[in-house]
Amino acid sequence: MKRTIKTLISLSLVVVLLLQGCGSKEKEKKTFVPKYDKNTEFSLTVVGSYSNFESLEAEFERFYEYYPNASLQYVTMDDYNNVISSALVNSEPPDIFTTNTWMVGNEKYNDLFDSCEVISDPELGIDYSCIRNSLIWSTDSGDVVMLPIFTSSYGMLVNMDIFEKENLEVPTNYGELVEVCKKLKNAGYESPVMGADQFSGPGLFNCFIYPMFAYDAMKNSDKIDALNNFEPSSGELMRPALERLYEFVNSDCIDVAKCQNEIIDDYDSVIMRFFEGDVPMMFATGDVASGTAKRESKSEAFSANPFKYRFFVAPSGDDGGYFINSTSLCFSVNKHSRNLDMANEFMRFLINKNELSNMAGLKRLITPVDDFSFDELYSSLADVPKDRSFSDKETGLLDPAVRQFRAAIYAVGNGRMTVDEAIAAYGNIPEE
Amino acid sequence: MKRRAIITINLLIMGSILFFIFRYANDKASESTHNSIQAFEKMTTTTSQIIVNYLEDEQHLCDIWANYVNSAANDGAPMTANEAISYIRKAKISPEIEGHLIFLDNAERKGISTTGKVSDLNDYTVSYKNISIFDNIGNVSNENDVVNLTRAYTNPSNGVQSIAFLNNVMVIDEESGELVKGLLMRVVPLSRLEQKLVFLNGEYENVEISLIDQEGNYVVHGKSFKNKNFFEYYKSYNTSSAEEYDQVVKEIVSGTGTMMLKNAKGEDCIISYTPLATMKTWSLLAYLPVGNFAVNRSIDWLLLGIASGGFILLIIFNSTVMMSYNRKLSEAAVQANQANEAKSYFLSTMSHDIRTPMNAILGLNEMVIRDSKDENIRMYSESIRTAGNTLLGIINDILDFSKIEAGKMEIINVDYSFVSLLNDLVNMVQKKAEDKGLTFNLDIDSDIPTVLNGDEIRIKQIIINVLSNAVKYTKKGHVTFMVRANRIADKPDSIRLRVSVEDTGVGIKPEDLDRLFVAFERIDEKSNRNIEGTGLGMTIAQSFLDMMGSHLEVESEYGKGSVFSFEIEQKVIKWDPIGDFQESFRLSLTERASYHEKFTAPYARVLVVDDTPVNLTVFVNLLRNTKLQIDTAESGDECISLFTKKHYDVIFLDHMMPDKDGIETLREMKAITDTPNKETPIICLTANAISGMREMYTAAGFDDYLTKPIDVERLEMMLLQYLPKGKVGPPSAKGSEDEYNLPDFLFNLKEIDVGSGLTHCGSGESYVSTLKMYLDSAENNAKEIERYYASKDIKNTTIKVHALKSTSRVIGALEIGELAARLEKAGDAGDLETLDRELGELISRYRQLAKDLEPLAEGDDDDKDDDRPLISDEKLKEIFKSLQDYCEDYDLDSIVGLVASLDEYRIPEEEMTRVDAIKKAVDNYDYEMIPDILSGEMR
């Protein structure tokens, strides 16, 4: 009798919880309330440089649930960066278009930004509060004209199965990294950490140490201008990062030569080598990580022996790693749109925790919203303390300074320069 | 038919109709879908033609431009690039359309546009450096009207998605003055092409037209298609093998047709595809979800729904009506059952209510017969007994019939003595036959085994019915009862009895034969109205035979008589043959004196309980001669009271009593532990004679049961069974005869069986008297036999031997009787050899026996006082009359028996001489003298 009662109570609880679960899902789903008649017939065109944008097309389908007579299409434009400004004002202007943070401040795109609808206009009702504040860019006048859709970061892919097998914890600071690597090396992993020895952003040195440098720069904002202006003395700001890099490449953690031999590019090769299953940690950017899903089936090794993997920030600092968040792609609304209201309506629909996370999840990129729970791959990012989480925008570093730093680490990492030489040569370090 | 079966059949029929409708609708829908798809395919082809026409038109305009520019070159006055563009600028009508003249040799793929850039309206330069549209169009045809087309691309001068029609032109390089080859592009916004497709939406509201190139890249992109490439899209949402995928690609790129595929939502949809005629670089895809084709089917679903609904209503209606009928029927059935129960109740009540008073009537009548000395009264009583028994028979017939009708009649096989069965039958029928002046002949096979297994009671009933009928319907002549036994080849332990009853009665008309076995039908009712009966006898007999796997056969000739016969199989328990039944029976007739108790038991005590005082009186009187101590009680409570106080050897307890009935009383008695009657058998007295009574009473705890009216024979048999053997003594002798002591030497004679002799003679005195007669006549008889045989008078020898056989058997000289019987047969058969061989032995043993019996003659003078009843005049006259008849019939056995019966009476002085003369004649086998002796007297 008692057992029956217990069973009944448990069942009731389960049912109640399930119902609540359903209810809350239902609630979330219904958070978007269409502003216009759902039978409104309209077409919208979103243009961009992505040749394929299936995650956006999935959002079109979700949007059709509210506006079944809508017709949205994504069009890949040829020579996007050169043509978009003209396209925005031509006879068949696109309604929504992709923008990038690097366009900000570039004169070439002044016209483009002139064509942008002010998304922060309260009348539009576009609530972007779900997006991490550090990712929001605004114009000098404080208007928000572009909203991040995807973001990226620098870090590493970790083979969780190896750590589980070796009974090790994923290192969270540099000391732990060295410790763990020693153990892994003893366990037979020749180069516990690997990556692409490339000059590019996803290059291994950049993934390891750029977040630390960017953090230092952010904390020394008074010296940023000097850095940006290539003042010779400003190179000194690179010292802590370069010394840590030097220490790292000369430790048991990494065999740079092995990386050079086995990883020939900074994207495909990185992923496929990681899928071989014998690399505990592989430096990668979020963009590289986004390419893993599609390549799982292409890797025979991974198909034969699949394993669990996650994205972590590189534990380069003594106190821990740094999560520098850079925006990969933004959406802006063309104020010349012939369907401006509906373009804003779509943005209102899209700028939402669920939709943005869905999109990022499908694309396997880091979501711009302040909740990493949607994608397990990036769930570790939530553990990085606020203090060490920042966006590239906050560093104040301009692209040329970043490139000089990248040249410095490439030289030091590959032993072509000492730390002192690199600091001394700041502003004139040869770039690849 | 059961309700479930009816409903099932209904459902099956409805299911079949619905299935047919469904199939029909489905076929129609499939046909309609097929037609729709064909129409759709046709629409696709038409659309492709429209597009081709449009593209050709545009190409044609491009060709005109090129021709004009080239004609100048051909005429020796080639245009510069600027001149060519100026010309085109003038020639083109639509402002959205641009003309680009590109020099592909140039690394920047630069050229001049007819329209200034959006960013700088005065800048007419255009560069295709970052736009890779020329990779697959290396061989642009110079032929007119051959469509040379780019993919959809972004117009670098204004950012509009466009397509460009191409042709080669020759212009002069202003700087070098040389003729250079340029690519003339007629750049048309893609929207112009899309507009051509819009008008189609009227026919197929949801159709989406897409154009793809040979790689599957969209030129025009339908809303539902995802990805930038149709084939990628197909691969993403449709599971197919590599071969299937290749096949799809090949088919779409090169062929015309329709195929099903899943869209991004997993829904089925149809695409119709066809390559654009004259240019194979593009294919047209028309997309429509399958649901759009199925619209027509909704009408059929409606039809199906209405039909289903109708059927359900029909079945509900029918079920309701059926249920109402069923309710009425079951009410009627309940009423019928109640009526039947009432009938059963009535029968049971009738049985009880009629049988109870009948018990009194017949029991008291039995007392009258037993006690009355007045012949008239005895005669009346005999009539009462006859009428009473007839009435009981009728009641029994009705009860049996009701049992058969209710299917409660069962065949219960028991071991039984066939002789006993025959005795009962003949006893029951012979009297009736004789009373009607009919001759009752017996023809019983002497080889019938003595003990058989079968339902004795039912067999008896069948034969009684047939025999009674024969007697009833025969006015004069005879009734012959014949039984034969035949062995059955494949059943060594059974025999087949053939029973037939022949009469010289009224016979049955052929047309009435069928009605013979119909209940309550009485054939020839008009002529036979005086004959009592229910008309059930034959029906019951036939039913019983049916149950035994046999049937009654009838041969009849109207007015002459009938033969009823049947055969039944009976298991044999004891193969000993019954022997000559006729003879035995005839002898038994002589023994059939008036009632005599079977035993005495003065020390035994019985208790009889019945609520009707007269029944108690009957019971007590019936058993008076047994000297039993009989206590009576008139209620269950009184019975219980006596039960606890006194010991009884047997208790008879009536079933139906007011207040506390027999069964309740019995239960209480069984519950009592403090009683001297723990082991006492308790027998139920009941007037109920309907089916299942035995089971009911034994189940209730009775040891046995006895039906009322009480048959004294059965009652005494039952008492003999249940009384302790030590308390049962021999029957008391009647008068002095009872105390007659047989001389001891008789028991030492090997040749005679005293018991058998006593049985035949009825009493010791009669036996001794018979023995004396046997002795007296012995020498004379022996001599006569020898004399007849010596003179070869076989006939008379045989007659004498026959008489010797009979008398020998009567006195218990069974071996001599058997020897005489054998010689009688030999005599009849003229078998002199046997006679020669054995007659001497017979005579010799006969004489020896006579010698052994001589001590009897010595005590003759010492006869005790004769206290036998004085024979009445009427009785004597009756005997003389019978003797006369037997002599006429030459029925010697009957003569011997009848004369022997005279020994039971004292003969009046005046008749002594004649009686002695008759006895002497019999002893000396001078039967022929008897009529003279009688007639002399009677005259």
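Analyst: The crossing of helix 9 of chain A and helix 18 of chain A is right-handed, a crossing being right-handed if the near helix is turned clockwise from the far one by less than a right angle, and left-handed if anticlockwise. This is a predicted model, in which local features need pLDDT of at least 70 and side-chain atom pairs count only at pLDDT 80 or more, while totals for chains, interfaces and linings use all residues. Residues are numbered from 1 along each chain as its sequence is written, and chains are lettered from A and ligands numbered from 1 in the order in which they are written.

The axes of helix 9 (residues 239-249) and helix 18 (residues 399-413), both of chain A, come within 9 Å and cross at roughly 30 degrees; axes here are lines fitted to C-alpha atoms over the stretch in contact, with angles running from 0 to 180 degrees between N-to-C directions. Helix 9 of chain A contributes L242(A), L245(A), Y246(A) and V249(A) to the contact, and helix 18 of chain A contributes A408(A), I409(A), V412(A) and G413(A), where contact requires C-beta atoms, placed from the backbone, within 7 Å. By class, seven of these residues are nonpolar, one is polar and none is charged, with Gly counted among the polar residues.

As for the setting, chain A has 19 helices and nine strands, these being DSSP runs (H or I, at least four residues, for helices; E, at least two, for strands) numbered from the N terminus. Of the contacts in chain A with a separation of 6 or more, 78% are between residues 24 or more positions apart.

How values were computed: Two residues are in contact if their C-beta atoms, placed from the backbone, lie within 7 Å.
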